[in-house]
Amino acid sequence: MAGFVQIIEFRTSRIKEIEELGRPSRTEGSTQPTFRRIVAAADRDHPGTYFTIVDFDSFDSAMENSGRPETSEFAAKMAALCDGPVVFHNLDVMWEDTGDGAQTG
């Protein structure tokens, strides 16, 4: 398997406050985050809708990251600033093409 991606979808009218919480990689904590990359995105077609796309080496790595107290604290604070439930999409990566001729999967 080429990896694991988690997409977190949420709606908020308080995006600036969510951004002020900081980025998960910058939270103080006892353990390092296990993600490879995070992309935060705003939906152009649906104002107030946002996505966080988190790239992990594996499902196990994602669960390890989710188990960090710092991650749980960040998620709870973020959810309190949302205008509805946060939706998680858990995706096994089937293949990946980086555009440089290298492919995985």
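Ser-66 sits in helix H2, which covers residues 59-66; helices (H or I, at least four residues) and strands (E, at least two) are DSSP runs, numbered from the N terminus. This is a predicted model, where local features need pLDDT of at least 70, side-chain atom pairs count only at pLDDT 80 or more, and totals for chains, interfaces and linings use all residues. Numbering runs from 1 along each chain as its sequence is written, and side-chain values use heavy atoms, with hydrogens and water left out.

**Around Ser-66**
- Ser-66 counts as partly exposed because its relative accessibility is 33% (buried is under 20% relative accessible area, exposed over 50%, partly exposed in between, with a 1.4 Å probe and protein chains only).
- Leaving aside residues up to four places away in sequence, Ser-66 touches Thr-71 and Ser-72 (contact means heavy atoms within 4.5 Å).
- Pro-33 is 33 residues away along the chain, and its C-alpha atom is 8.9 Å from that of Ser-66.

**The chain overall**
- You get 3 helices and 6 strands, in the order β-α-β-β-α-α-β-β-β.
- Of the 105 residues, 27% are buried.
- Among contacts between residues at least 6 apart in sequence, 71% join residues at least 24 apart.

**Lining of the second largest pocket**
- Its lining includes Val-5, Arg-36, Ile-53 and Glu-96 (lining residues have an atom within 4 Å of a point on a 1 Å grid; a pocket is an open set of points with protein on both sides within 12 Å along at least five of seven lines).
- Strand E2 (37-42) and strand E3 (49-56) each give two or more residues to this lining, and E3 has the largest share with 3 residues.

Technical notes. 1 Å grid on protein atoms, 1.4 Å probe; cavity = no way out; pocket = protein on both sides within 12 Å on 5 of 7 lines; lining within 4 Å.
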